[in-house]
Amino acid sequence: MTSNVSQSYPYTSESETDRAAHIAALVDARDNLATTIATETTPLDANDRWWVWKCPTSGCQGLLHVAGYARDLHALLVVCDGTCAKTFLR
Ligand SMILES: [Zn+2]
């Protein structure tokens with residue numbers, strides 16, 4: 001299995017409470033993240049569990065948490081909680 005393939009599968013899952021707490025902390029810590037989420041996503045459905053992925057950035061040990069649905073795309077906007085501080089579409 002290549003690293004690309006393994007990275008496309010969820011690493012773990014988290015409760016809605018944990019997801020919301022992670023995203024709230026990341027929004028607090030990063031200047032433009034609230035704007036990014038507000039402009040690039042629509043709110044999530046109610047869901048008890050959300051997938052979490054490992055960050056694909058080389059050298060980054062972060063995990064990707066779901067921030068919202070990407071506008072006009074069938075994708076989730078996810079935010080890395082690690083050193084790369086990037087957002088990705090999943
Ligand atoms: Zn990262």
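pLDDT is the predictor's confidence in each residue, on a scale from 0 to 100. This is a predicted model, and its pLDDT averages 90, with 91% of the residues scoring at least 70. Helix α2 (residues 16-29) sits at the top with a mean of 98, while helix α1 (residues 3-7) comes in lowest, at a mean of 47. Over residues 1-6 the pLDDT stays under 50, and for this stretch the model has one contact beyond four places in sequence.

As for the overall layout, the protein has three helices and six strands, and read from the N terminus the order is α-β-α-α-β-β-β-β-β. The C-alpha trace spans about 35 × 25 × 25 Å along its principal axes. The radius of gyration is 12 Å, which agrees with the value near 12 Å that a compact globule of 90 residues would have. Some 19% of the 90 residues count as buried. Looking at contacts between residues at least 6 apart in sequence, 53% of them join residues at least 24 apart.

Five of its five residues are buried, so β5 is largely enclosed by the rest of the structure. In a regular strand the side chains alternate between the two faces of the sheet. For β5, that puts L76, V78 and C80 on one side and L77 and V79 on the other, and both faces are covered.

There are pairing partners for β5 to either end of the sequence order. With strand β4 (residues 63-70), β5 pairs in the antiparallel sense over five bridges, and here C80 of β5 stands opposite L64. The β4-β5 hairpin has five residues between the strands, and in it D72 takes a positive phi near 60 degrees. With strand β6 (residues 87-89), β5 also runs antiparallel, this time joined by three bridges. One of the residues involved is V79, whose bridge partner in β6 is T87. Six residues lie between the strands of the β5-β6 hairpin, where A85 takes a positive phi near 60 degrees.

Nonpolar side chains tend to be buried together in soluble globular proteins. Here the largest nonpolar core holds twelve residues: I23, W50, W53, C55, L64, V66, A67, L76, L77, V78, V79 and C80. Strands β3 (49-54), β4 and β5 are the elements that give two or more residues to this core, and β5 supplies the largest share, at five residues. V79 shows how these pieces meet. Leaving out residues up to four places away in sequence, V79 touches I23, L26, L33, L64, H65, A67 and T87. That list includes T87, the bridge partner of V79 in β6, and also I23, L64 and A67, which belong to the core along with V79.

S13 is 19 residues away from N32 along the chain, and the C-alpha atoms of the two are separated by 26 Å.

Definitions and conventions: Residues numbered from 1 in each chain as written. Predicted model: local features only at pLDDT ≥ 70, side-chain atom pairs only at ≥ 80, totals over all residues. Helix = DSSP H or I, 4+ residues; strand = E, 2+ residues; numbered from the N terminus. Rg over C-alpha atoms; globule rule 2.2 N^0.38 Å. Buried ≥ 20, exposed ≤ 12 C-beta atoms within 10 Å, placed from the backbone. Contact = placed C-beta atoms within 7 Å. Pairing = 2+ DSSP bridges. Core = buried A, V, L, I, M, F, W, Y, C linked by C-beta atoms within 7 Å.
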